[in-house]
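This report describes selected packing and backbone features of a predicted model. The sequence and structure come first.

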Amino acid sequence: SVDGALLRVVDMADCAPGQVIRYGYPRVKRLLESKEYTSYQYVLNKHPELAMAYQQLVAEKKKLKKKDPKRLQINKEIAKIKAKLAEEEKLLIHNAAFVATTVSKAVVDKEIYEQKFDVVIFDEASMAYVPQIVFAAGLAKKAFVCLGDFRQLPAIVQNNTDDRLSRDIFEYCGITEAVENEYGHEWLVMLNVQYRMHPDIADFVGKQMYGGKLFTGENIYEARQMIADNAPLEEEAMGLIDLSGTYSVCIKTMDGSKINLLSAMLSVAYAEKFISSYETGIITPYSAQSRLIIAMIRDMQERDKRFKNLSSATVHQFQ
């Protein structure tokens, strides 16, 4: 979400290079390839002589045997270059107008937590621990904005005895209770119009999770019905494939996750019907199932470029 937010700012704002910066390790392809919006790539591009020297040293090091004494000197030279780049990166994020990073990065990196920002915006707040929210609020000089949806996925908590971790910021501030009892809260602003889903999907979500208060924007039906009209469930935006009564076997992996081979195969086969025309995602609750499907997709990509339009991840990763 931090990558997406930064790219929205990039597309909307007219800022000079170095003013809108992603600090950390992006996942989005556009940022990975950018030499302007990620802090490390920006600094590297600004100092091509350092980048060239670094590449030459690494290449030279690869040619040497592990016990070659020259490796020690090369490592020292590489360390000097890294230190120089780190110093330039530090100056960059202290002078930028907009810095985007994750709370995990902010907590451990002094270049973030040792400075103050005029405004701090915390996105996906329902997935954060309350101490993380409090920490982020402490970085703001003038304003702190919390965005999130407590009807979506909560943070992953393995300690069920400590409610300081299991309660999100919305529950802690009384917002959840206010919504459930249908009275207002002075800190709550509900975004009640959605522009993403087919209305049939949104109506299900609205009824089950939002007490009928979620509405669909104009022209969304027409835009999404084109997809829903496709086979094998023509004119249906939602469908259920029931694998009970089949040879659908769930296997528990060594790390406690789960896989279901038949389900994975059917998911990929079903997705193949759409990948010529649409970007398609396969979502699963289990990381092992996601890894299995990703392996299947990669195998297919070697033979069929259409599968570049297909991706898979867990529910948390998709959110």
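## Packing of H4 against H5

In this predicted model, Leu50, Ala53, Tyr54, Leu57, Val58, Glu60 and Lys61 of H4 meet a set of residues in H5, namely Arg71, Ile74, Asn75, Glu77, Ile78, Ile81, Lys82, Lys84 and Leu85.

The axes of H4 and H5 are 10 Å apart, and the two helices pack at an angle of about 155°. Angles over 145 degrees count as roughly antiparallel, and H4 and H5 are therefore roughly antiparallel to each other. Their crossing is left-handed.

## Nonpolar cores

The largest nonpolar core has 32 residues, and those that touch the most other members are Leu85, Ile112, Phe122, Ala125, Ile133, Ile169 and Phe170. At least two residues of this core come from each of helices H3 (39-46), H4 (48-63), H5 (70-95), H6 (103-108), H8 (130-137) and H10 (169-172), and likewise from strand S3 (117-122). H5 gives the largest share, six residues. Leu85, one of the residues of H5 that meet H4, is also among the core residues that touch the most other members.

Leaving aside residues up to four places away in sequence, Ile112 touches Tyr23, Ile93, Val99, Thr101, Ala106, Phe117 and Leu139. There is also a second, separate core of 10 residues, with Ala264, Ile282, Ile293 and Leu310 among them.

## Helix H12

Helix H12 spans residues 199-209, and its buried residues are Pro199, Ala202 and Gly206. These residues lie on the same side of H12 because they cover an arc of only 60° around the axis. An α-helix has 3.6 residues a turn, so residues three or four places apart point the same way.

The elements that cover the buried residues of H12 include strand S5 (193-194), strand S6 (215-216) and helix H13 (220-228). Gly211, which has a positive phi near 60°, follows H12.

## Positive phi outside glycine

Glu182 is not a glycine, yet its phi is positive, at about 60°. Glu182 is located in the loop between helix H11 (175-180) and S5. With a relative accessible area of 66%, Glu182 is exposed.

Glu235 is another residue other than glycine with a positive phi, here near 70°. The loop between H13 and strand S7 (250-252) contains Glu235. The relative accessible area of Glu235 is 59%, so this residue is exposed.

Note on methods
Residues are numbered from 1 along each chain as its sequence is written. This is a predicted model: local features need pLDDT of at least 70, side-chain atom pairs count only at pLDDT 80 or more; totals for chains, interfaces and linings use all residues. Side-chain values use heavy atoms; hydrogens and water are left out. A nonpolar core is a set of buried Ala, Val, Leu, Ile, Met, Phe, Trp, Tyr and Cys residues joined through side-chain atoms within 4.5 Å. Buried means under 20% relative accessible area, exposed over 50%, partly exposed in between (1.4 Å probe, protein chains only). Helices (H or I, at least four residues) and strands (E, at least two) are DSSP runs, numbered from the N terminus. Contact means heavy atoms within 4.5 Å. The arc is that of the directions from the helix axis to the C-beta atoms. Axes are lines fitted to C-alpha atoms, for helices over the stretch in contact, and angles run from 0 to 180 degrees between N-to-C directions. Angles under 35 degrees count as roughly parallel, over 145 as roughly antiparallel, 65 to 115 as roughly perpendicular and the rest as oblique. A crossing is left-handed if the near helix is turned anticlockwise from the far one by less than a right angle, and right-handed if clockwise.
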